[in-house]
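This briefing covers pockets and aromatic pairs.

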Amino acid sequence: MCWITAVRKDGLSFELWDVLTQLSFTTLVAFLIYRWSPAAQIGFSVGLLILTEILFRFTNVPGFDQAFTDQHNFGNYVDLLLMNKINDGGWVAINCIPTACHTIWGMMAGQLLLSNKTRPEKMNTLVIAGIVGLIAGYLLDITSITPIIKRIATTSFVLASAGWVFFALVISYWWIDIKDHRKYLTFFLVVGMNSLFIYLFIEIVASRWFNGYIGALTLNTPIITPLVLFALEWGMCYWLYKKKDLF
């Protein structure tokens with residue numbers, strides 16, 4: 001993904017801010033600790049957050065010593081070293097370190113749901129994780145210790161966003177797996193089972209020519225064009241779903 005998005009008209013421009021580029025790192029980290037005990041996995045993820053706090057707060061590189069200020073933080077400095085550029089939107093490549101926690105905690109949630117624990121035990125664990133994440137994340141933000149900033153994935157953002165995701169997972173688990181409400185989920189299942197494919201398609205193909213081509217055919221009508229694009233892209237996922245060629 002990094003290579004594909006790096007090819008520009010004026011030459012190669014390697015950028016490490018893309019979501020899939022980040023996931024290639026966070027998934028590897030999660031894989032390496034997959035067989036660790038839950039306590040060790042939690043301890044490791046907390047260590048990543050502490051490492052992030054230390055890097056942003058105490059490295060004190062001249063010009064990049066403002067921990068949470070866009071264009072003047074340690075993440076921006078690392079981007080200069082890696083890519084000789086800083087992202088205008090405030091994204092930094094090393095947010096893959098704290099966001100690895102998201103991947104690790106997602107892996108742990110999956111391990112929990114696949115375990116032999118009872119359904120109430122699973123729900124209670126996820127609810128507690130959600131409460132801890134929300135309280136810790138928003139407390140850090142409210143007390144101005146660490147502000148919630150998505151683009152550099154501050155500790156408060158990682159914790160608070162994980163808390164909301166845990167609660168969303170609890171609700172989905174209760175509604176679908178426990179209450180068995182599956183009748184009208186096929187529409188979403190089609191996309192969910194081909195999420196990687198549709199993401200790559202939109203990022204690589206759609207953004208480069210497909211959207212423009214369909215837009216021209218539909219005269220770039222504000223409502224019709226997006227609906228046609230959505231229908232066509234969903235249709236691709238449905239075709240793969242029916243063929244069982246899940247990607």
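The largest pocket has a volume of about 500 Å³. A pocket here is an open set of points on a 1 Å grid over the protein atoms alone, where a 1.4 Å probe fits, with protein on both sides within 12 Å along at least five of seven lines; lining residues have an atom within 4 Å of a point. This is a predicted model: local features need pLDDT of at least 70 and side-chain atom pairs pLDDT 80 or more, while totals for chains, interfaces and linings use all residues. Residues are numbered from 1 along each chain as its sequence is written, and side-chain values use heavy atoms, leaving out hydrogens and water.

**Largest pocket**
- Its lining comprises 22 residues, with Ile42, Met108, Thr125, Ala129 and Phe166 nearest the centre.
- Two or more lining residues come from each of α3, α5 (96–113), α6 (119–142) and α7 (155–178); helices are DSSP runs (H or I, at least four residues), numbered from the N terminus.
- The largest share of this lining, six residues, belongs to α6.

**Second largest pocket**
- The second largest pocket holds about 330 Å³ of space.
- It is lined by 14 residues, and Val19, Gln22, Trp91, Asn95 and Thr99 are the closest to its centre.

**Aromatic pairs**
- The structure has 14 aromatic pairs, meaning Phe, Tyr or Trp rings (the six-membered ring for Trp) with centres within 6.5 Å; planes under 30 degrees apart are stacked, over 60 edge-to-face and the rest tilted.
- Tryptophan 36 and phenylalanine 44 form an edge-to-face pair, because their ring centres are 5.6 Å apart and their planes at 85°.
- One aromatic cluster consists of Phe187, Phe188, Phe230, Trp234, Tyr238 and Tyr241.

Methods: Grid points are joined across faces, edges and corners, and a volume is the space filled by probe spheres set on the points.
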